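Please open the model in the viewer and keep the sequence panel at hand. The stops below are meant to be selected in turn.

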Amino acid sequence: MSFGETSPPVVRHLLVCRRISYDLNAPGAAYTLHALITQLQLEAGAEFPVVVPELWAFLQVFGEVGEYEIWIELAAVDGEGEVLGEATSYGPLVLRVPDGVWVVNRAYRLANARLLRFGLHEVRVWCGADLLAREEFVV
Amino acid sequence: MTADNFEMLELHPANLTEEQKKWPVVKLRASAESRVAFQLVLHLTGAPANGIGFEVLLEAGRALSDAERALGGVGLQLTGRRTGERTETLVLETSRTEGAPERLTQLAARLTSGELVLTASPLVARCELLIPPVA
């Protein structure tokens with residue numbers, strides 16, 4: 001849900017990884033994503049449900065100038081994308097799309113991520129009832 | 001660069017049940033990406049009620065990064081940011097491990113002594129070092 005009457009922003013990229021760093025000396029190319037996740041491998045012997053201390057989500061969006069309230073959600077899903085069990089929500093976050101900026105980058109550290117089970121998971125970005133982006137990985 | 005066009009932030013789950021709070025914490029399997037991290041954690045306090053602008057955080061981070069380069073490093077990378085009650089915490093790392101403990105120790109000492117001023121804003125800055133023990 002945006003605060004104004006604008007359409008929700010468009011997500012160009014949503015990526016999930018193990019760490020993100022920001023180079024303070026290279027603002028034009030500052031973000032480095034470390035270890036993009038397609039399969040999340042836990043230490044041997046882990047029994048679900050578990051908490052992973054951190055995952056990172058990188059978001060790159062563009063859209064109409066304005067402020068948007070967004071939520072990030074982490075959930076186990078089935079093959080059709082239906083949520084299994086309870087999703088973990090992070091937010092609400094205010095995402096500002098300022099005037100004169102081509103894309104907006106955000107790096108979010110998702111602390112204490114809850115994982116219910118082995119299998120398919122998704123990180124989803126919501127703006128009100130609009131699902132802006134989803135990224136899958138396997139646990 | 002303004003506060004509007006980038007941000008790094010730590011988020012915590014918004015809707016945990018009491019049962020979920022008791023789930024065990026597990027680590028991810030080690031990977032080649034695992035590394036020895038020499039970190040300097042910068043705490044800024046005295047923020048205005050509406051928070052510290054990201055320009056100010058950048059100013060502080062870059063001042064430390066420039067000082068680290070002047071000591072023979074390659075500059076610092078921001079690898080974490082936490083926002084608290086009128087506080088901001090930045091986690092900064094160096095990717096050049098050779099000599100890193102000495103450089104970061106010097107930076108911390110200069111900051112503590114007031115020789116190194118990070119920001120023109122009236123914030124209180126202090127830092128702590130996270131230097132892995134030498135094996």
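Two residues are in contact if their C-beta atoms, placed from the backbone, lie within 7 Å. With that criterion, select the interface: 33 residues of chain B are in contact with 39 residues of chain A. On the chain B side, the elements that contribute two or more residues are β1 (6-11), α1 (54-70) and β3 (76-84). The largest share, six residues, is supplied by β1(B). Colouring this side of chain B by residue class gives 14 nonpolar, eleven polar and eight charged residues; Ala, Val, Leu, Ile, Met, Phe, Trp, Tyr, Cys and Pro count as nonpolar, Asp, Glu, Lys and Arg as charged, and the others, Gly among them, as polar.

The model is predicted: local features need pLDDT of at least 70 and side-chain atom pairs count only at pLDDT 80 or more, whereas totals for chains, interfaces and linings use all residues. Residues are numbered from 1 along each chain as its sequence is written, and chains are lettered from A and ligands numbered from 1 in the order in which they are written.

Next, display chain B alone. Its elements, from the N terminus on, run β-β-α-β-β-α-β; helices (H or I, at least four residues) and strands (E, at least two) are DSSP runs, numbered from the N terminus. The C-alpha trace of chain B spans about 50 × 45 × 30 Å along its principal axes. Among contacts in chain B between residues at least 6 apart in sequence, 70% join residues at least 24 apart.

Return to both chains and select β1(A) with β3(B). These two strands run antiparallel and are joined by two bridges; strands pair if DSSP finds at least two bridges between them. Asp23(A) stands opposite Gln77(B) in β3(B).

Now centre on Arg19(A), which lies in strand β1 (residues 10-23) of chain A. Is Arg19(A) buried or exposed? Arg19(A) is buried, because 20 other C-beta atoms lie within 10 Å, and the cut-off for a buried residue is 20 or more (exposed: 12 or fewer; partly exposed: in between; C-beta atoms placed from the backbone). Not counting residues up to four places away in sequence, Arg19(A) touches His34(A), Ala35(A), Trp56(A) and Thr79(B).

Finally, select the open antiparallel sheet of chain A, whose four strands are ordered β5-β4-β7-β8. Strands β5 (83-97) and β8 (130-138) of chain A stand at the edges with a single partner strand each, so one side of each lacks a neighbour in the sheet. Strand β7 (residues 120-127) of chain A pairs with β8(A) over eight bridges, and Cys127(A) has Asp130(A) in β8(A) as its bridge partner.
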